[in-house]
Amino acid sequence: MNNSKSLDYSGKIDFWSFMAGVYVFSWFTQLGLRIELLGAIRYEFILGLFLTLGAFFQLSSQKIYKSDRPLVSISVLYILYMALFVVLSVDVLYSWNIYLNRAFKFSLMALFVAVFIDTVPKLKFVLFCYFLAALKAGQEGFLGWLSGSLVWENQGINRLHGSISMYEHPNNFGGFAVCLFPFIYNFFPVVNKPMKIGLICLGVFGLVILLFAGSRTGYVAFALLVLYVLGKRFKRGFFGAFFLASILMLVSLNFIPDEYKGRFESIFTQKEAEGSSANTRKQIIYDAIDVFIEHPMGVGIGAFPKVRIEMFGEFQDTHNLYLEVLTNMGFIGLLIFYLFVKRIINANRHTLSRLSDIDTPDAKFIIACGNAVIAYIAARLILGMFGMDMYEIYWWWAIGLTLACCNIAYKIYDSQHR
């Protein structure tokens with residue numbers, strides 16, 4: 001979404017882009033929960049409503065580029081299809097709450113970034129706000145590990161927990177850490193020295209969080225990301241990348257405490273220090289398949305636990321993104337989700353292709369962002385094997401950045417070829 005009358009891709013930060021950056025920072029730090037007064041006046045809701053009105057006002061003067069249309073259309077279809085499964089849910093009131101307060105609310109992040117971020121400085125500003133929020137969460141995790149204030153026993157080992165509700169569980173905190181690295185890796189070569197220092201700090205915080213959160217999913221996701229980066233970086237194919245990744249892993253094992261080595265080994269041995277989460281998750285998979293067979297069109301948004309307790313006497317949710325989509329919205333919903341993710345990746349690849357022959361700092365920055373979003377989505381998909389991310393903000397944050405990059409890429413390309 002962009003202003004068709006202008007080819008200026010280097011305009012200054014304006015009021016709306018500034019407020020969009022404030023919203024990004026506020027959301028990723030959960031500012032309304034940290035500051036009691038802001039929570040009392042429903043600061044985030046007011047800011048979101050204000051930005052929504054501003055975005056719809058600006059839409060009348062913007063166009064959707066041809067390369068954006070598949071992503072925009074599938075995003076609209078996806079959010080509308082979810083709305084249908086509020087109406088068709090076995091628990092309409094609960095599904096409405098999930099849809100309104102998570103799915104629909106989080107989709108506005110994509111709207112704000114896509115509409116208000118249409119120049120390189122604006123994109124840099126909104127990413128700066130995201131990195132600043134990540135630094136805050138990372139710094140709290142690092143100090144919480146150092147002091148022990150955020151470390152306590154979970155599943156037989158001491159695990160690092162986040163300081164805010166969205167990262168409170170170690171698995172969520174580990175996932176947060178994994179998703180930092182696509183941005184750190186891709187942006188490091190294209191930012192200035194102060195930002196490089198900030199990204200190094202973020203990388204240190206991320207490694208500490210990843211290791212001491214003890215998230216097996218996080219370990220797997222990070223290992224696969226390293227494998228992907230090495231394969232792409234050195235162009236030695238899968239086996240060369242696997243060899244390099246294996247050497248790095250063997251070297252790093254010497255620096256990892258034994259209890260966390262055991263946590264990683266339990267991925268393969270299924271033997272845990274305490275509890276039986278692996279067996280529990282296996283049973284959830286079997287139950288989810290049975291629920292899908294019984295309800296192939298889906299049971300409704302967030303309604304799987306209710307159906308499961310009625311059928312099997314167990315309440316736990318799917319703990320798997322793909323089973324969550326399948327049980328909530330059926331096989332058609334899973335197909336739409338597949339297209340939703342595929343078009344995010346395709347749109348970023350289109351941006352990379354459009355700018356591949358342009359050697360300017362701004363083009364390099366947009367290319368870095370496109371590569372980061374693709375790796376970020378890959379990380380979320382890996383984490384989704386053991387987590388329920390269907391209604392989370394990650395997808396919409398990626399869509400916002402994708403559309404912003406697509407539109408800025410058009411301006412850069414046109415300015416170079418007119």
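# Notebook: rings, a cavity and some backbone angles

**Entry 1, the ring cluster.** I started with the aromatic side chains and found a cluster in which ring pairs link Trp27, Phe28, Phe106, Tyr130, Phe131, Phe183, Phe187, Phe365, Tyr376 and Trp397. A reminder to myself before going on: this is a predicted model. My search over the whole structure gave 34 aromatic pairs. I looked at Trp27 and Phe28 in detail: their ring centres are 5.3 Å apart and their planes stand at 80 degrees, so I noted the pair as edge-to-face. The cut-off behind that label is an angle over 60 degrees between the planes.

Are Trp27 and Phe28 buried or exposed? Trp27 counts as buried because its relative accessibility is 8%. Phe28 is buried too, with a relative accessible area of 4%. The cut-off I used for buried is under 20%.

Next I checked another pair from the cluster, Phe131 with Phe183. Their rings are also edge-to-face, at 6.2 Å from centre to centre and with 75 degrees between the planes. Which helices do the two residues come from? Phe131 belongs to helix H7 (residues 120–147) and Phe183 to helix H9 (residues 181–187), so this contact ties together parts that lie 52 residues apart in sequence. I found both Phe131 and Phe183 buried.

I then looked for charged side chains sitting over ring faces. Lys196 lies over the face of Phe188, 4.7 Å from the ring centre. Arg354 does likewise with Tyr413, at 4.6 Å from the ring centre.

On to empty space. Rolling a probe the size of a water molecule over the atoms shows where such space is left. How many cavities of 30 Å³ or more does the structure hold? I found one. The volume of the largest cavity is about 90 Å³. Its lining is made by Phe28, Tyr130, Ala134, Tyr167, Phe176, Cys179, Tyr376, Arg380 and Tyr394. The elements that give two or more residues to this lining are H7 and helix H17 (361–383).

I turned to the strands. Strand S1 (residues 151–154) and strand S2 (residues 157–160) run antiparallel and are joined by four bridges. Asn154 stands opposite Ile157 in S2. S1 and S2 make a hairpin with two residues between them, and Gln155 in that turn has a positive phi of about 55 degrees.

Most residues other than glycine have a negative phi. Arg42 is not a glycine, yet its phi is positive, near 55 degrees. I located Arg42 in the loop between helix H3 (36–40) and helix H4 (43–59). Arg42 counts as exposed because its relative accessibility is 55%.

His319 has a positive phi of about 55 degrees as well, again without being a glycine. Where does His319 sit? It is in the loop between helix H15 (304–312) and helix H16 (321–354). With a relative accessible area of 22%, His319 comes out as partly exposed.

Last, I looked up two pairs of C-alpha atoms. Met109, in helix H6 (residues 92–116), counts as buried at 1% relative accessibility. Leu326 is found in helix H16 and is buried, with a relative accessible area of 15%. For Leu326 and Phe292, which are 34 residues apart along the chain, I got a C-alpha separation of 7.0 Å.

Note on methods. Residues are numbered from 1 along each chain as its sequence is written. This is a predicted model: local features need pLDDT of at least 70, side-chain atom pairs count only at pLDDT 80 or more; totals for chains, interfaces and linings use all residues. Side-chain values use heavy atoms; hydrogens and water are left out. Rings of Phe, Tyr and Trp (its six-membered ring) pair if their centres lie within 6.5 Å; planes under 30 degrees apart count as stacked, over 60 as edge-to-face and the rest as tilted. Buried means under 20% relative accessible area, exposed over 50%, partly exposed in between (1.4 Å probe, protein chains only). A charge sits over a ring if NZ of Lys or CZ of Arg is within 6 Å of the ring centre and within 35 degrees of the ring normal. On a 1 Å grid over the protein atoms alone, a cavity is a set of points where a 1.4 Å probe fits but cannot get out, and a pocket is an open set with protein on both sides within 12 Å along at least five of seven lines; lining residues have an atom within 4 Å of a point. Grid points are joined across faces, edges and corners, and a volume is the space filled by probe spheres set on the points. Two strands pair if DSSP finds at least two bridges between them.
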